[in-house]
Structures are given as C-alpha cells and as structure tokens.
Amino acid sequence: MWRAFECLEWLDSHPASSVVYLSFGSVVVLESDQMGEIAWGIQNSGRSFMWVGKSGDNEIEMRRLPKGFLEKTTWRGMVVKWCPQERVLSHPSVACFLTHCGWNSSRESLCCGVPVISFPQWGDQVTNAKFLEEVRGVGFRWAMEGNRLC
C-alpha cells in the first residue's frame with residue numbers, strides 16, 4: 001500500500017484523463033466475488049487506476065483482492081488506505097470515478113465534473129446513482145447479475 005500523501009504526486013505523473021479512481025466509501029464492504037470482478041476488470045482494462053481501500057477494520061477489504069492482482073498491476077495502479085478525495089477528483093489526470101454513490105462522493109464528483117460509474121449498495125446510494133445518471137447525465141450504473149458484474 002502507498003501512503004496517502006503520495007497519491008497526488010502519482011497523479012501528477014499521468015496524462016490528462018488517464019486514471020480510473022475507485023472508492024466505495026468508509027462503510028461499504030464489498031463481497032469477495034464483487035472485489036474479484038472489479039479487480040480483474042480494472043486489470044484487463046489496461047488503464048491506470050487509484051483504488052482507495054479503507055483504513056481501520058475495513059482494511060481487510062483490500063486483503064481480499066485476487067491473488068496476484070497487486071503484483072500484476074503495480075506498474076500502473078496505486079492502492080491507498082485514504083486520499084484527499086476532492087483533490088483527487090479535481091486532478092486533471094482523473095478520467096472517471098467508480099463509486100458507491102454515497103452523498104459526499106456523489107456531490108464531490110458532480111462538483112469536480114468527473115463522470116461516474118455507479119455501484120450503489122443500499123439506501124440513498126441508489127437514489128444518488130439514479131440522479132447522477134438520469135437527471136445530471138454524468139454516468140451510468142454498474143450492476144451485479146449473480147456473481148458477475150454487467
């Protein structure tokens with residue numbers, strides 16, 4: 001894991017609109033199947049990425065990444081426990097944001113003009129995702145069918 005303050009320097013080293021930013025908030029804990037699908041999807045995309053993997057008790061989430069994922073993506077990926085999200089979203093190298101669509105993440109992505117790939121889990125996240133896609137037209141919803149993302 002990288003240290004959080006290094007993430008802005010890392011973003012500085014990437015061209016405009018070239019990095020996928022992934023964060024699922026401080027409460028959402030993805031299931032192993034979901035983690036695997038997202039990890040292999042980002043690996044197979046060939047895109048650079050920054051993934052916030054939580055701190056504290058939820059740190060175990062990043063330990064559930066598929067075996068070998070970090071080694072296979074180390075040259076183009078950054079995994080951090082925390083980052084200054086507004087500064088990351090306003091960075092010119094960020095192309096899009098894969099998010100759970102919590103209120104703060106939704107508001108920050110909208111204010112920073114970053115398109116979203118929404119992956120809501122419960123509560124207001126579903127409504128926020130619908131708003132971002134259908135009202136504001138700044139993203140689309142990604143869903144699970146069985147154990148596969150579609």
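Biologist: How many salt bridges does a search of the whole structure find?

Modeller: This is a predicted model: local features need pLDDT of at least 70, side-chain atom pairs count only at pLDDT 80 or more, and totals for chains, interfaces and linings use all residues. Residues are numbered from 1 along each chain as its sequence is written, and side-chain values use heavy atoms, with hydrogens and water left out. For a salt bridge, a side-chain nitrogen of Lys or Arg has to lie within 4 Å of a carboxyl oxygen of Asp or Glu. On that rule, the search of the whole structure turns up 2.

Biologist: Which residue forms a salt bridge with glutamate 134?

Modeller: Helices here are DSSP runs (H or I, at least four residues), as are strands (E, at least two), numbered from the N terminus. The closest N and O atoms are 3.0 Å apart, and the partner is lysine 130.

Biologist: And glutamate 108, is that buried or exposed?

Modeller: Buried means under 20% relative accessible area, exposed over 50%, and partly exposed in between (1.4 Å probe, protein chains only). Glutamate 108 has a salt bridge with arginine 107, closest N and O atoms 3.8 Å apart, and arginine 107 is partly exposed at 33%. Glutamate 108 itself has a relative accessible area of 10%, which means it is buried.

Biologist: How far from cysteine 111 is the nearest cysteine sulfur?

Modeller: A disulfide needs two cysteine sulfur atoms within 2.5 Å, and a search of the whole structure finds 0 of them. Cysteine 111 is accordingly in no disulfide, and the nearest cysteine sulfur, that of cysteine 112, is at 6.6 Å.

Biologist: Leaving aside neighbours within four places in sequence, which residues is valine 88 in contact with?

Modeller: Contact means heavy atoms within 4.5 Å. With those sequence neighbours set aside, valine 88 touches Cys7, Leu8, Leu11, Tyr21, Met50, Cys83 and Val94.

Biologist: What is the centre to centre distance in the aromatic pair of tyrosine 21 and phenylalanine 97?

Modeller: Rings of Phe, Tyr and Trp (its six-membered ring) pair if their centres lie within 6.5 Å; planes under 30 degrees apart are stacked, over 60 edge-to-face, and the rest tilted. Tyrosine 21 lies in strand β1 and phenylalanine 97 in strand β4, so their pair ties together parts 76 residues apart in sequence. Both residues are buried. Their planes are 25° apart, a stacked pair, with the centres at 4.8 Å.

Biologist: Which residues do ring pairs link into a cluster?

Modeller: Start with tryptophan 51 and phenylalanine 69, an edge-to-face pair at 6.0 Å centre to centre and 80° between the planes. Tryptophan 51 is in strand β2 and phenylalanine 69 in helix α4 (residues 69-73), so that pair joins parts 18 residues apart in sequence. Tryptophan 51 and phenylalanine 69 are both buried. The cluster made by ring pairs consists of Trp40, Phe49, Trp51 and Phe69.
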